[in-house]
Amino acid sequence: MLNPEAIHRLRLEGAYIHASEHFFSFAPYMPTPTLSLDIVQDLAKELHGKSAAQVLSLLASRFADAIAFSTSFGWEDQALTHLIFSQDLPIRVFTLDTGRMFSETYSTWQQTLDKYKKPIESFFPNTHRVENLTTTKGIFSFYESVENRQECCAVRKIEPLDRALERMQCWVTGIRGDQSDNRAAMRSVEWDAARNLVKVHPLFDWTLSDVKDFIKNNNIPYNPLHDRGFVSIGCAPCTRAVREGESFRAGRWWWEDASKKECGLHGTNTAHAEHIQTELAEA
Ligand code: SF4
C-alpha cells in the first residue's frame with residue numbers, strides 16, 4: 001500500500017488512484033517519466049541494504065494483490081521461491097511453460113509443489129500462435145536466424161509473460177548482476193517501461209556461491225541439470241552445459257552472437273528506461 005506522501009504526489013501529478021488505494025494507475029494508464037522515476041528511486045532507497053527476505057516482505061505489503069514472481073526453476077528462482085513460500089508471503093509465483101522445457105525442469109517443478117504445498121501458476125503459449133509457427137516454419141526454426149529465434153521466444157515466452165503480468169505493479173525476478181555484462185548494467189530496482197511496472201531483483205548482489213550455499217543450507221530442491229554443467233536453464237533445444245571458463249550465459253542460444261543473448265523477457269532497454277537508469281545512477 002502506498003504511503004500518504006506518495007499518494008499525494010501521484011495526485012499532484014494527475015494520477016488516477018483506485019478507490020481502494022491498494023493500487024495505483026496513471027491516467028490514461030501510461031506512466032510519465034518523472035512519476036515512474038520517483039517511484040523507482042523511492043523504492044530503491046527504501047530497499048537499499050535490506051536482505052532478500054526483507055525485500056520480499058516489504059514488497060509484498062507495498063504491492064498487495066499486484067506483485068508476482070516468475071520462476072524457471074533455476075538455482076536463483078528456487079532460492080526466491082523458498083523465501084516466498086516459507087515466509088507465506090502473498091506474492092504470486094508463476095512459470096512460463098514454453099512446451100520445450102527439459103524433463104528435469106518439470107521434475108523440479110513437481111518437487112517444489114510437493115515440498116511447499118503452495119500453488120505455482122502455469123502460463124502456456126497461445127495455442128493458435130504455436131500451431132501457426134510450427135506449421136509454417138517447422139519445429140527448429142529458431143536455429144535458422146536471430147529473427148526466427150526471437151519470433152519463437154515472442155510466441156512461447158513473451159506473450160504468456162505479458163498475460164501473467166497483466167494488472168501487476170511489481171515483478172520479482174531471480175536476476176543476479178554477475179550473470180552477464182547485460183545484467184551487470186541493470187539495477188536491483190528498475191522501471192519496466194514496456195510493461196508499466198516496477199521490477200525488483202532481490203538477489204542482484206548475490207554471487208553464485210551465495211545461491212548454492214543457500215540452496216544447500218535450506219535443503220531446497222533444485223534442477224539436477226545444474227550438477228551437469230547447466231548454469232542457466234531455459235528451453236531444452238536452446239540450452240547446453242557450459243564449459244570451464246565460459247560465461248554464465250554461454251549455454252543459452254549458443255549458436256548466436258553473445259551480444260544478442262536475451263529473449264526479450266528482461267528487455268527494458270528503451271530510451272525511457274535508459275533515462276531512468278541514468279537518473280538513478282546519478283541519484
Ligand atoms: S528459448 Fe528456444 S525454444 Fe524456447 S522460446 Fe526461445 S527460441 Fe523457442
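User: Which residue follows α6, and is its phi positive or negative?
Analyst: α6 is followed by G138, and the phi of G138 is positive, near 85 degrees. Helices here are DSSP runs of H or I with at least four residues, strands are runs of E with at least two, and both are numbered from the N terminus. This is a predicted model, in which local features need pLDDT of at least 70, side-chain atom pairs count only at pLDDT 80 or more, and totals for chains, interfaces and linings use all residues. Residues are numbered from 1 along each chain as its sequence is written.

User: Which residues other than glycine have a positive phi?
Analyst: Most residues other than glycine have a negative phi. Here F73 has a positive phi near 70 degrees, and N196 has one near 60 degrees. F73 sits in the loop between β3 (67-70) and α4 (75-86). N196 is found in the loop between β7 (189-192) and β8 (197-200).

User: How many residues of helix α6 are buried?
Analyst: One of the eleven residues of α6 (residues 127-137) is buried, so the helix lies largely in the open.

User: At what angle do the axes of α6 and α7 cross?
Analyst: Two packed helices are described by the angle between their axes and the distance between the axes. The axes of α6 and α7 (residues 146-164) come within 10 Å and cross at roughly 160 degrees; axes are lines fitted to C-alpha atoms over the stretch in contact, with angles from 0 to 180 degrees between N-to-C directions. α6 is therefore roughly antiparallel to α7, where under 35 degrees is roughly parallel, over 145 roughly antiparallel, 65 to 115 roughly perpendicular and the rest oblique.

User: Which residues of α6 and α7 make the contact?
Analyst: R129, V130, L133 and K137 of α6 meet N148, C152, V155, R156 and E159 of α7, with contact meaning C-beta atoms, placed from the backbone, within 7 Å. These residues divide into four nonpolar, one polar and four charged. Ala, Val, Leu, Ile, Met, Phe, Trp, Tyr, Cys and Pro count as nonpolar, Asp, Glu, Lys and Arg as charged, and the others, Gly among them, as polar.

User: How do α4 and α9 pack?
Analyst: α4 and α9 (residues 208-217) pack at an angle of about 50 degrees, with their axes 9 Å apart. They are therefore oblique to each other. W75, E76, Q78 and A79 of α4 make the contact with V211, K212, F214 and I215 of α9. Five of the contact residues are nonpolar, one is polar and two are charged.

User: Which residues does A53 touch?
Analyst: A53, in helix α3 (residues 52-62), touches L83 and Q87, leaving aside residues up to four places away in sequence. A53 and L203 are 150 residues apart in sequence, yet 9.8 Å apart in space, C-alpha to C-alpha.

User: Which residues are closest to the ligand?
Analyst: The closest are C152, C153, R156, C235 and C238, among 13 residues that surround the ligand, each with its C-beta atom, placed from the backbone, within 6 Å. The shell divides into seven nonpolar, two polar and four charged residues.

Methods:
A residue is buried if 20 or more other C-beta atoms lie within 10 Å of its own, exposed if 12 or fewer, and partly exposed in between; C-beta atoms are placed from the backbone. Two residues are in contact if their C-beta atoms, placed from the backbone, lie within 7 Å.
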